[in-house]
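Biologist: I would like to learn how to read the features of a model such as this one. Please show me the model, then take the features in turn.

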Number of protein chains: 4
Amino acid sequence: MEEAKKLQKARQRVWEIVEAAKPGDKASRVFDLFMFALIVLNVAAVIVGSVKSVEATYGHQLQLFETFSVAVFTVEYLARLWACVCRPEFARSAMGRLRFALRPMQIIDLLAILPFYLEFLPIDARFVRIFRLFRLLRLAKLNRYSKTSQMLARVFASRKEELVITASVMIVTLILASSFIYFAENEAQPDKFPDIPSAMWWAIVTLTTVGYGDVYPVTTLGKFLAATIAVLGIGLFALPAGILGASFVEEIERQKAGKQHCPHCGEELE
Amino acid sequence: MEEAKKLQKARQRVWEIVEAAKPGDKASRVFDLFMFALIVLNVAAVIVGSVKSVEATYGHQLQLFETFSVAVFTVEYLARLWACVCRPEFARSAMGRLRFALRPMQIIDLLAILPFYLEFLPIDARFVRIFRLFRLLRLAKLNRYSKTSQMLARVFASRKEELVITASVMIVTLILASSFIYFAENEAQPDKFPDIPSAMWWAIVTLTTVGYGDVYPVTTLGKFLAATIAVLGIGLFALPAGILGASFVEEIERQKAGKQHCPHCGEELE
Amino acid sequence: MEEAKKLQKARQRVWEIVEAAKPGDKASRVFDLFMFALIVLNVAAVIVGSVKSVEATYGHQLQLFETFSVAVFTVEYLARLWACVCRPEFARSAMGRLRFALRPMQIIDLLAILPFYLEFLPIDARFVRIFRLFRLLRLAKLNRYSKTSQMLARVFASRKEELVITASVMIVTLILASSFIYFAENEAQPDKFPDIPSAMWWAIVTLTTVGYGDVYPVTTLGKFLAATIAVLGIGLFALPAGILGASFVEEIERQKAGKQHCPHCGEELE
Amino acid sequence: MEEAKKLQKARQRVWEIVEAAKPGDKASRVFDLFMFALIVLNVAAVIVGSVKSVEATYGHQLQLFETFSVAVFTVEYLARLWACVCRPEFARSAMGRLRFALRPMQIIDLLAILPFYLEFLPIDARFVRIFRLFRLLRLAKLNRYSKTSQMLARVFASRKEELVITASVMIVTLILASSFIYFAENEAQPDKFPDIPSAMWWAIVTLTTVGYGDVYPVTTLGKFLAATIAVLGIGLFALPAGILGASFVEEIERQKAGKQHCPHCGEELE
């Protein structure tokens with residue numbers, strides 16, 4: 001009985017440290033800082049490790065660091081899985097843990113460490129390394145970044161309707177633009193515009209105004225169509241950015257305005 | 001007499017299903033879903049059918065699907081034409097039907113199926129396939145999309161004045177820009193800037209900031225003019241996008257604010 | 001006496017027709033329409049006349065049309081110069097006319113017809129033709145367009161302060177960006193970045209996001225500097241467009257709101 | 001005693017002239033104008049001096065002008081250093097002057113003249129010349145520009161939160177984008193995408209929509225990833241510009257609204 005209570009208390013404590021911190025919890029803050037540093041160093045290791053000369057010289061050290069990181073992340077992953085049952089929503093030990101493990105953030109965490117253990121399988125080594133970058137997304141979960149992540153999520157949610165509408169119109173525009181240019185250019189440049197899906201690459205490069213210059217119309221009809229598509233369509237592809245931008249500023253303003261302060265001590269209230 | 005009444009009732013019913021649905025009409029909703037799926041599959045068929053390897057392997061199946069689709073679209077087109085007289089505005093059987101058939105959306109529908117029947121004519125086969133993409137525009141007529149289409153139309157209508165003004169200034173800018181660059185570059189690059197219409201291609205590619213890099217000024221004067229044109233003109237070409245974007249967001253906000261709810265059941269009112 | 005009065009009346013009438021119309025003045029409206037058509041046709045003639053094959057086939061007709069146009073524009077220019085003294089501000093016959101002739105719009109009009117008379121001088125023929133495009137700017141003076149021109153002028157005037165500030169910051173950015181990239185790339189690409197003025201071409205092409213791809217950094221330092229310049233500077237070059245766009249929409253809204261209607265007939269008042 | 005008072009008065013006067021002017025101080029205004037002209041001419045000299053043909057012809061004159069400028073800037077720098085002790089915050093002669101000299105603007109001023117004295121050291125001559133451009137930043141200190149500089153600083157400060165958040169999300173996007181494209185393209189184009197840092201150059205060129213065309217994906221997976229990254233990420237990279245733009249306009253509006261006028265003379269108050 002005594003034992004069980006102790007265990008539950010330990011679980012509660014572990015949960016507080018790795019997942020939901022109470023304000024002023026020192027252990028949790030140290031853990032957060034450590035994880036932040038580890039993630040940043042990990043991402044840096046993946047990036048510089050992709051440079052061949054660095055890999056040749058420091059490959060061994062990077063491998064050691066990777067092993068250490070995966071060990072930490074694995075322990076942390078298991079700790080969370082072990083402790084999650086202290087929350088009422090994941091209370092039932094087996095089913096609760098499974099439901100917890102299937103949350104998107106947990107899956108990302110698993111994907112970020114799993115490749116290390118699968119390395120003996122015949123998978124492309126680079127592919128494995130890319131997955132390590134999922135660790136980057138873990139930053140979103142740290143207490144210091146969770147507010148920002150939540151705000152971004154709110155911004156997207158509040159403009160869902162606009163985004164769905166613009167996305168639909170963008171898809172229709174993309175299909176029509178690439179079909180028309182395919183029709184106009186296919187004969188003159190069969191290697192550049194062999195089919196409509198290839199023409200979509202041109203359409204996206206043009207409508208986002210990136211314009212690499214690897215494909216562009218050369219016939220008079222193609223140029224005329226491309227000019228029309230560019231003038232009419234570019235605005236459309238710039239819409240989502242404008243909508244999210246305005247919403248983003250609005251949301252921050254609302255947050256600033258809504259911050260309440262304690263009438264006694266003047267401190268900002270959550 | 002009884003017969004005529006029955007016929008009219010059938011017409012009314014067909015009209016409700018294919019064109020204007022009452023809320024909660026199950027047959028109409030099933031029809032909408034079916035048409036939606038058919039249109040999406042049709043567009044997908046046109047896109048993947050343009051890929052040579054797909055055409056070679058699945059050409060026959062795609063052809064069968066096309067025949068089936070055109071059959072459905074033809075029946076649906078005729079059904080609408082037959083049923084439209086139940087509406088007071090198209091009541092007179094011959095003239096009413098003609099006026100109905102000449103509405104833009106009906107013409108687009110006709111264009112989307114007609115090529116199939118004209119295939120034996122000596123027309124470019126790719127050209128025929130492009131017309132099939134007009135079916136995409138039919139999505140705008142489905143009940144689930146008609147509100148969005150109406151909103152987009154309202155946004156354009158409410159900013160008509162701004163768009164006309166900016167379009168005029170854009171055309172003047174385009175003409176001046178391409179004339180100046182033609183004057184500056186024609187001698188140095190007679191193949192790239194042979195005449196003003198060709199210089200317009202450069203001007204649009206530059207003013208929309210696409211910048212493929214197929215044509216660009218090389219003389220000092222040309223570069224100076226191009227730099228000036230770019231700095232001053234690009235903003236102008238970005239204006240319509242900004243104007244429509246702001247109007248678009250405004251319109252959705254207005255719609256959200258203006259949504260009225262029934263005081264008795266709390267349901268949203270149309 | 002009688003004669004002088006008649007002359008003054010004629011002057012007044014000519015002035016009304018060619019310059020400031022009273023609403024409902026039919027002759028003035030016909031004149032405006034005629035000038036509009038003539039200007040548009042003139043500009044079209046310059047554009048298509050630059051195409052060599054058109055010039056070869058229709059060169060003679062285009063030349064005839066040009067002669068006719070210049071005749072009309074010359075008569076109109078002289079008519080305005082003759083009639084302007086009916087206005088109190090240009091009342092004194094010689095000095096008033098000179099002051100009228102020195103107004104920017106009059107100088108543009110003169111520049112648009114003068115080249116025709118100077119053709120026997122040893123000037124580049126293309127250069128002469130470009131000047132004919134100044135006729136395009138005359139559209140701004142037609143009654144139907146004068147409101148738009150005035151509105152555009154107001155928009156620029158109301159944001160003068162913002163534009164001056166952003167222009168200053170843009171110039172400083174441009175100088176720093178091109179100097180830094182010159183320093184980084186001059187050695188590696190002495191032909192692409194031979195001096196700072198040449199690097200400015202790169203800077204403008206990059207900061208406006210046109211990105212032709214004729215010049216780009218290849219050294220690591222150059223790429224790092226270019227990336228930093230792009231991320232920080234592009235927003236700056238997009239500012240004027242955003243500022244003018246917002247002001248433009250505001251101005252039109254103000255105009256819509258401010259339109260007064262006659263309480264008796266409901267007609268819109270000027 | 002008398003001497004010391006005189007010295008202090010001289011210091012005070014020198015300080016007023018070179019640094020903080022009282023309104024209506026003629027000497028200070030003349031000094032400002034002179035410095036403005038000298039800085040602009042200096043920058044122009046650096047720019048045109050980088051052109052080889054100009055350097056060959058006018059190299060000697062430019063060198064003389066540079067020597068003269070450095071002399072003036074040195075005298076002015078020392079004058080400020082000598083006079084700063086008249087301000088209470090830099091009152092203690094040695095420590096106060098040191099603290100004054102370590103202010104960012106003073107360091108920039110030093111960097112702008114120091115290279116001249118270090119020319120005999122084996123440093124790259126071009127590198128030295130670039131530092132001379134720091135003089136450009138001195139414009140920000142002139143009285144006529146200090147308000148603008150302060151406003152820009154305020155705009156950045158008021159949007160600090162937004163900028164930090166978007167910058168974080170931009171960095172995460174940049175890392176993920178370059179890693180994904182590296183994974184997709186490394187095998188097909190090992191020279192263009194040799195490692196993730198190189199892929200970052202592609203990512204920035206794409207996400208800012210510059211699109212030089214020196215690197216672009218060629219594999220189907222790479223094109224698909226690039227299209228997705230472009231459509232989703234470009235808006236993100238346009239956000240800071242939009243945020244700062246809106247804030248900038250707001251700030252100027254606030255300043256216009258907040259300008260107070262003396263109730264007695266109607267003059268604008270500072």
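**Helix contacts**

Modeller: In chain A, residues Thr173(A), Leu174(A), Ile175(A), Ala177(A), Ser178(A), Ser179(A), Ile181(A) and Tyr182(A) of H8(A) meet Ile196(A), Ala199(A), Met200(A), Trp202(A), Ala203(A), Ile204(A) and Leu207(A) of H9(A). Contact means heavy atoms within 4.5 Å. Helices (H or I, at least four residues) and strands (E, at least two) are DSSP runs, numbered from the N terminus. This is a predicted model, in which local features need pLDDT of at least 70, side-chain atom pairs count only at pLDDT 80 or more, and totals for chains, interfaces and linings use all residues. Residues are numbered from 1 along each chain as its sequence is written, chains are lettered from A and ligands numbered from 1 in the order in which they are written, and side-chain values use heavy atoms, with hydrogens and water left out.

Biologist: What classes of residue form the contact of H8(A) with H9(A)?

Modeller: Ala, Val, Leu, Ile, Met, Phe, Trp, Tyr, Cys and Pro count as nonpolar, Asp, Glu, Lys and Arg as charged, and the others, Gly among them, as polar. The contact of H8(A) with H9(A) has 12 nonpolar, 3 polar and no charged residues.

Biologist: At what angle do the axes of H8 and H9 of chain A cross?

Modeller: Axes are lines fitted to C-alpha atoms, for helices over the stretch in contact, and angles run from 0 to 180 degrees between N-to-C directions. Helix H8 (residues 160-185) and helix H9 (residues 196-207) of chain A cross at roughly 115°, and their axes come within 8 Å. For the hand, a crossing is left-handed if the near helix is turned anticlockwise from the far one by less than a right angle, and right-handed if clockwise. H8(A) passes H9(A) in a right-handed crossing.

Biologist: Is the crossing of H2(C) and H3(C) left-handed or right-handed?

Modeller: The crossing of H2(C) and H3(C) is left-handed. Helix H2 (residues 26-49) and helix H3 (residues 52-83) of chain C pack at about 145°, with axes 10 Å apart. The residues in contact include Phe31(C), Phe34(C) and Leu38(C) of H2(C), and Phe65(C), Glu66(C) and Glu76(C) of H3(C). By class, the contact of H2(C) with H3(C) has 14 nonpolar, 3 polar and 3 charged residues.

**The chain and its copies**

Biologist: How many helices and strands are there in chain A?

Modeller: Chain A has 10 helices and 0 strands. Burial is read from relative accessible area: buried means under 20%, exposed over 50%, and partly exposed in between (1.4 Å probe, protein chains only). Of the 270 residues in chain A, 45% are buried. Contacts can also be sorted by separation in sequence: among those in chain A between residues at least 6 apart, 63% join residues at least 24 apart.

Biologist: What rotation superposes chain A on chain D?

Modeller: Copies are superposed by least squares on the C-alpha atoms of residues with pLDDT of at least 70 in both. A rotation of 90° with 0.0 Å of shift along its axis superposes chain A on chain D, with an RMSD of 0.1 Å. That is the relation of a four-fold axis. The copies use different surfaces, and 11% of the contact residues of chain A recur in chain D.

**Single residues**

Biologist: What is the phi of Thr209(A)?

Modeller: Most residues other than glycine have a negative phi. Thr209(A) is not a glycine, yet has a positive phi of about 65°. Thr209(A) lies in the loop between H9 and helix H10 (220-258) of chain A, and is buried at a relative accessible area of 9%. In chain D, the phi of Thr209(D) is positive too, near 65°, and Thr209(D) counts as buried at 8% relative accessibility.

Biologist: Which residues does Ala226(B) contact, leaving aside neighbours within four places in sequence?

Modeller: Ala226(B) is in contact with Ile181(B), Trp202(B), Pro217(B) and Trp201(C). Ala226(B) is found in helix H10 (residues 220-258) of chain B and is buried, with a relative accessible area of 2%.

Biologist: Is Arg154(D) buried or partly exposed?

Modeller: Arg154(D) is partly exposed, with a relative accessible area of 37%. Arg154(D) lies in helix H7 (residues 143-158) of chain D and touches Glu251(D) and Gln255(D), not counting residues up to four places away in sequence.
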